[in-house]
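Good morning, and thank you for coming. I would like to take you through one structure, and I ask you to keep it in view as I speak.

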Amino acid sequence: MITITVNGKEIQIDKPMTVLEAAKKAGIKIPTLCHHELLESYGGCRLCVVEVERMPKLQNACTLLAADGMVIRTESEVISKVRSEMLELLLINHPLDCAYCDKAGECELQDLVNKYGPTVGRYKEEKRKVPESHTDPIFARHMGRCVVCTRCVRMCDTVQGASAISMIERGGRTRMEPFSSTSFNCEYCGNCLTVCPVGAILSRLYIHSYRPWQVDKEIKTICPYCGVGCSLFVQVRDNSIKRVIPKIGQGLNNGLLCSRGRFGYEFIESQERLKSPLVKEKGKFKQSTWNEAFHFVAGRLMEIRELHGGKAIAGIASPRCTNEDNYVFQKFMRMACRTNNIDSISRIGFAAAQKYIEDLLGQGVTSNIIDGLKNSDAILVIGGDPTAVNPILGLAIRAAARNGANVIVVGNAKGLVPIIRDKTLRIIHPVFREADVLELLLTNIFKTQDVRAEKPAIDKRIKELSEKPVKMDIKEMEKLVKILLGSNSISIVAGMELVQRVDGHRSLFAIAALTYLLEARLFLLSEKPNEQGLIDMGCLPDMLPGGRPINVGDFKHKFEAAWKESIPQDKGITLMEMIGAIRNKDIKALYIMGENPVFNLPNGHYIREALESLDFLVVQDIFLTETAELADVVLPALGWAEKDGTYTNLERRVQLLKRAIDSSSGIEDWKIISEISSIMGYEMDYSSAEKIMEEIAKVSPLYRDLTYKEIGAGDCLWPYHGEPLRGELNEVPVAVDITQDYKADFYLAIEKPLFHSGTLSRRASALRKICPEPTLKISPQHAGKLKLKEGDRVNISTAQGTISVPVSIDASITDNRVLLSNNFENKGVFNLLNFSLDKVTKAPGIEGCEVKIERK
Amino acid sequence: MGKILLKNIENSNSADINEYLKIGGYKSLIKAFEMQPKDIIGEIRESGLRGRGGAGFPTAMKWSFAFADTKFPKYLICNADEGEPGTFKDRPILEKNPHLLIEGMVISGYAIGAEHGYVYLRGEYPYAKEVLNKAIAQAYEKNYLGDNILGENIKFHLTVYQGAGAYICGEETALIESLEGKRGQPRSKPPFPVNVGAWAMPTIINNVETLSNIPYIISVGGAGYSKIGARECTGPKLYSVSGCVEKPGVYELPMGTILRDIIFNYAGGIKSGKKLKAVFPGGISTPVLPADNIDCPMDFISMPRFGSMLGSGAVIVMDESVCMVKVAYRALKFFEHESCGKCTPCREGTDWLRKILERIECGKGREGDIELLSEVVDIMYGRCFCPLGDSAAGLVMSMIKHFRNEFEEHIRDKKCKNQK
């Protein structure tokens with residue numbers, strides 16, 4: 001224990017830290033410009049000078065380590081004089097354009113000068129001029145205002161790990177360059193904006209539109225983009241979002257954000273938002289009143305229910321909607337529509353994986369704290385790029401690598417490739433053969449690490465696999481096994497590419513078994529903000545809220561008692577099965593809440609044909625999406641930032657979503673559904689989202705006793721007060737192995753880019769400026785073979801159709817796959833892809849899609 | 001005292017390993033390998049050797065810190081980034097006597113437990129690079145470098161790394177940053193490089209001249225060596241004399257030789273019979289001495305008593321015709337250009353000082369400028385991250401102290417009388 005005295009106050013610290021940090025702990029603020037708590041000490045600005053007894057001259061608090069018995073003063077006449085002098089130096093070349101600068105009012109330099117002076121400067125020479133730069137789509141740079149604290153550079157290097165900015169020139173000519181030059185890799189996280197103390201780096205999204213003191217309100221909410229669930233502070237003026245910022249110490253992102261979270265909010269105020277309910281008459285949409293629409297929908301659903309029974313109705317829930325929306329949705333489907341046909345787009349990834357793995361290992365096995373990734377000494381990444389899918393989780397992996405962890409990447413995780421210290425720790429495997437690599441790894445680990453004999457079904461399956469190991473030559477395997485067995489804290493990060501294979505369940509088993517053998521922590525990447533919540537709310541055909549299997553009588557009865565109605569007998573079907581059933585005319589009506597399956601499912605034409613053949617289609621959304629266009633009734637809902645509710649992130653942390661602005665047109669999803677349900681004879685009467693959570697807290701064994709108050713305080717981490725289910729399978733489900741060799745020239749696969757997510761992001765103008773159109777990513781070697789240069793336009797054709805896009809050469813691609821994203825209207829890769837179902841997980845296997853590439 | 005560091009350099013082939021071997025080269029290495037590392041450090045301690053880079057830190061003390069550190073690998077870096085204006089003392093060693101340095105480095109590496117050494121060479125020394133690389137190749141060939149030196153199972157490799165022309169990279173922590181491929185900027189101390197240096201491992205950084213003293217110390221023993229030079233400041237010293245003298249050049253003399261002696265005896269006095277005005281005794285980073293204050297022994301201990309420092313031993317001599325305002329201006333132009341930009345006082349202060357001095361020199365000085373200069377110097381002095389900014393401030397301070405009248409003249413007459 002070290003004791004120091006600061007301004008007469010005794011401070012005890014239990015680990016080595018600087019005087020500045022120790023003082024801060026005791027609530028004593030020492031002024032600084034270059035120090036930032038997310039960054040390492042720098043010692044450049046010289047403002048944090050303090051007096052230390054028995055030391056001859058003033059010391060810099062940010063670099064001075066606190067030593068036992070130190071007596072420190074942080075304010076005195078001498079200190080104030082030095083600070084005033086340092087500020088005078090910082091101002092000699094500063095333009096002093098506060099009247100015009102957007103930072104004024106929240107500028108650290110301005111605040112310090114206000115406190116310490118000087119009131120006049122002695123500098124009479126000409127000021128150095130650095131031209132402003134407005135060439136970047138997002139960042140406006142005024143390097144004349146820069147105080148060379150280098151926080152932005154250090155943030156970009158040591159936290160974000162993008163190294164997109166550097167100091168150029170020396171001495172007084174030093175400035176920070178370049179943002180987003182082609183030779184660097186700006187990830188547009190905007191974390192440089194957060195740390196810039198002055199107006200040197202500003203966002204063009206809000207520049208000149210308001211001043212910090214004109215913010216009407218600031219609302220803490222959760223990001224609408226991915227399953228990490230970062231905390232956002234939405235700043236609103238005149239019912240319009242002006243800026244979205246993170247805050248240190250708030251939320252799991254602790255002051256950091258990614259491009260989508262920080263700059264992707266503009267979709268909410270898009271001109272394309274639906275303005276009133278639409279009812280299709282003779283193939284054309286007509287505006288209708290809410291009352292008409294409610295009665296029309298309820299009437300048609302009742303007709304179909306009476307005529308064909310509940311099994312002819314199906315519902316698709318949404319991982320972008322809140323827990324409350326999804327809870328009400330599944331209750332409506334089960335109670336009012338009398339069907340268990342409930343599923344969601346998460347079936348093609350997260351939900352399929354989560355269900356399979358929890359069936360094997362028990363509930364909560366994926367509930368690991370993202371921040372804890374930093375402490376891993378080995379991280380196995382497979383099936384996707386965490387830095388693009390879940391960027392803040394990706395940063396934790398980069399941080400672990402900086403701390404010395406071995407990051408092992410199987411396949412391509414572009415954002416991690418530069419940080420893999422040992423280049424042999426990247427496993428390049430034959431295309432679409434992730435399952436083989438994982439099984440091989442598993443059986444090799446099993447050779448030295450025996451099973452734990454806790455889970456007989458898994459033990460048995462591992463032994464079975466070891467008896468006929470996969471034939472595949474991975475030369476790094478021995479080293480990999482050695483690293484994993486020699487590590488104390490292992491994390492496995494699995495992306496959803498793994499699931500989207502015909503043999504996806506093989507990979508999932510291997511992942512589960514590795515987690516079990518190595519006592520690893522498992523993280524499943526989640527693309528949407530509430531995939532876990534959707535599962536917890538029971539938006540699955542075979543699961544009730546709380547992940548309780550519907551076929552277990554006890555659970556079923558409890559819910560029936562609470563809901564005062566029986567749960568339908570018919571077994572529900574999964575998403576892709578629904579599409580088949582629609583095509584077979586077994587399902588006549590489909591209710592879609594906040595989802596766009598025509599665009600977001602593979603083989604878009606096939607899906608479109610199916611939906612067109614429905615007797616009745618209802619779509620509840622905020623935009624007239626590709627799917628909504630096919631609907632008989634379109635109901636405008638509220639978007640993120642317009643409603644209250646909760647999201648459950650991939651760690652199973654429940655967090656509050658809060659209304660920041662008011663919408664003039666939409667209604668909450670749960671409210672729309674409640675109205676229709678009541679008309680259909682199943683009364684639902686919730687006055688607020690909070691009331692719904694009160695019900696969830698009563699009926700769900702997982703969310704027991706959760707309140708908004710508790711959730712708002714940020715304490716709702718798994719396992720809450722609930723009862724996780726530890727049910728285990730007696731037999732590991734397996735399907736017939738279908739291992740194919742893929743020998744065509746090119747295969748088409750899905751790209752998950754950093755800057756887009758689809759329906760929302762393509763309506764966020766900032767994200768469109770950063771990345772305006774899709775490109776076909778191809779390896780340099782294959783581009784060479786086809787004589788393609790960066791930017792050449794090509795036609796890419798599969799059996800499903802043709803899309804024309806420019807080419808982008810990507811050195812991180814090492815095989816004959818070409819990648820296209822599924823983010824832009826009419827140019828989504830899903831339109832070109834076919835699928836065949838994984839018989840175990842019921843997820844679509846998207847592999848082996850041959851593609852022809854021709855120069856246009 | 002016979003020549004030790006510059007021995008045999010008149011021989012046009014002195015850089016060749018065979019010539020070096022002829023005069024007894026690499027014999028110290030063989031002797032050192034028969035000693036225990038800690039005994040080598042003991043000899044160095046006894047010799048009283050101080051670092052020749054400018055600070056005069058006792059070499060044995062630095063070594064024993066690194067020796068005691070249990071982290072491996074350790075690194076040995078030779079600071080050959082000789083960039084201080086007026087300093088060219090290391091150059092004859094690098095260009096004419098490279099094997100002396102290599103021998104010194106192998107012994108040092110053995111003593112502290114480093115198996116890899118780097119010579120961080122000044123960007124503007126391309127010829128030295130060529131000579132060094134050739135010498136290193138020869139040393140490898142003769143098995144004085146490699147995995148199993150002289151069959152003694154001792155490993156030492158040596159790499160030349162050339163800087164890109166930044167003065168600041170002569171500062172040891174900035175040098176490490178640069179060696180690691182980063183921007184040349186000083187790091188905070190502590191931790192010191194002896195514990196957390198290159199790639200965060202224990203690292204010894206010694207000047208070329210320091211390391212070149214090692215073979216001689218091993219050969220004659222610490223006690224023998226300490227008989228040379230002054231008390232507490234032992235050994236031979238290379239003085240590079242430049243400016244208005246008859247015979248500029250590098251002089252190898254015992255540490256503590258009187259400055260007047262160096263200028264008037266060894267360097268042949270002031271050029272063209274003019275009168276001495278002032279001297280920078282150890283490069284422009286050391287405070288200037290006026291003509292009446294040059295009876296000082298040139299060593300680390302004595303110089304502060306005369307109001308200056310030994311620095312690198314770069315004696316820059318200025319005669320009566322030299323304008324001191326112009327010297328100050330030119331020096332500040334250098335410091336401003338070489339400031340790395342990390343800390344506020346140096347980055348902004350050198351810029352400000354240069355602008356004021358430029359104005360005064362050009363005849364645009366204003367009433368109060370001398371006071372303003374002093375005020376800016378006060379803001380900077382003692383507040384900079386590394387010695388660069390303090391040196392700049394110190395130079396202006398000493399110039400005003402000794403030659404205030406020249407500044408006043410410039411401001412009053414609105415011109416520099418040396419400029420036509």
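I begin just after helix 14 of chain B, where Lys414(B) takes a positive phi of about 55°. Helices here are DSSP runs of H or I with at least four residues, strands are runs of E with at least two, and both are numbered from the N terminus. Helix 14 of chain B, residues 387-413, itself has a kink of about 90° centred on Phe403(B). The bend at a residue is the angle between axes fitted to the seven residues ending there and the seven starting there.

A word on the source. This is a predicted model, in which local features need pLDDT of at least 70 and side-chain atom pairs count only at pLDDT 80 or more, while totals for chains, interfaces and linings use all residues. Residues are numbered from 1 along each chain as its sequence is written, and chains are lettered from A and ligands numbered from 1 in the order in which they are written.

Let me stay with chain B. Its domain assignment, which is automatic or taken from a database, gives domain 1 (17-227), domain 2 (233-319) and domain 3 (324-413). The centres of domain 2 and domain 3 of chain B, taken over C-alpha atoms, are separated by 23 Å. Seven residues from domain 2 of chain B and nine residues from domain 3 of chain B take part in the contact; two residues are in contact if their C-beta atoms, placed from the backbone, lie within 7 Å. On the side of domain 2 of chain B that touches domain 3 of chain B there are six nonpolar, one polar and no charged residues. The nonpolar class is Ala, Val, Leu, Ile, Met, Phe, Trp, Tyr, Cys and Pro, the charged class is Asp, Glu, Lys and Arg, and the others, Gly among them, are polar.

How many residues does each chain bring to the contact between chain A and chain B? Chain A brings 23 residues and chain B 24 residues. Helix 2 of chain A, residues 77-92, gives the most to the chain A side, with six residues. That side divides into nine nonpolar, eight polar and six charged residues.

I turn now to chain A as a whole. Chain A has 25 helices and 36 strands. Its radius of gyration is 28 Å, close to the 29 Å that the globule rule gives for 856 residues, so chain A is as compact as a globular protein of that length. The radius is taken over C-alpha atoms, and the rule is 2.2 Å times the number of residues to the power 0.38. Buried residues make up 56% of the 856 residues in chain A. A residue is buried if 20 or more other C-beta atoms, placed from the backbone, lie within 10 Å of its own.

Finally, consider strand 17 of chain A, residues 378-382, where five of five residues are buried. Ala378(A), Leu380(A) and Ile382(A) point one way, and Ile379(A) and Val381(A) the other way. In a regular strand the side chains alternate between the two faces of the sheet. Strand 17 of chain A runs parallel to strand 18 of chain A, residues 406-410, and five bridges join them; strands pair if DSSP finds at least two bridges between them. Val407(A) in strand 18 of chain A is the bridge partner of Ile379(A). Strand 17 of chain A also pairs in the parallel sense with strand 20 of chain A, residues 490-494, over five bridges. There, Ile490(A) is the bridge partner of Ala378(A).

Conventions: Buried ≥ 20, exposed ≤ 12 C-beta atoms within 10 Å, placed from the backbone.
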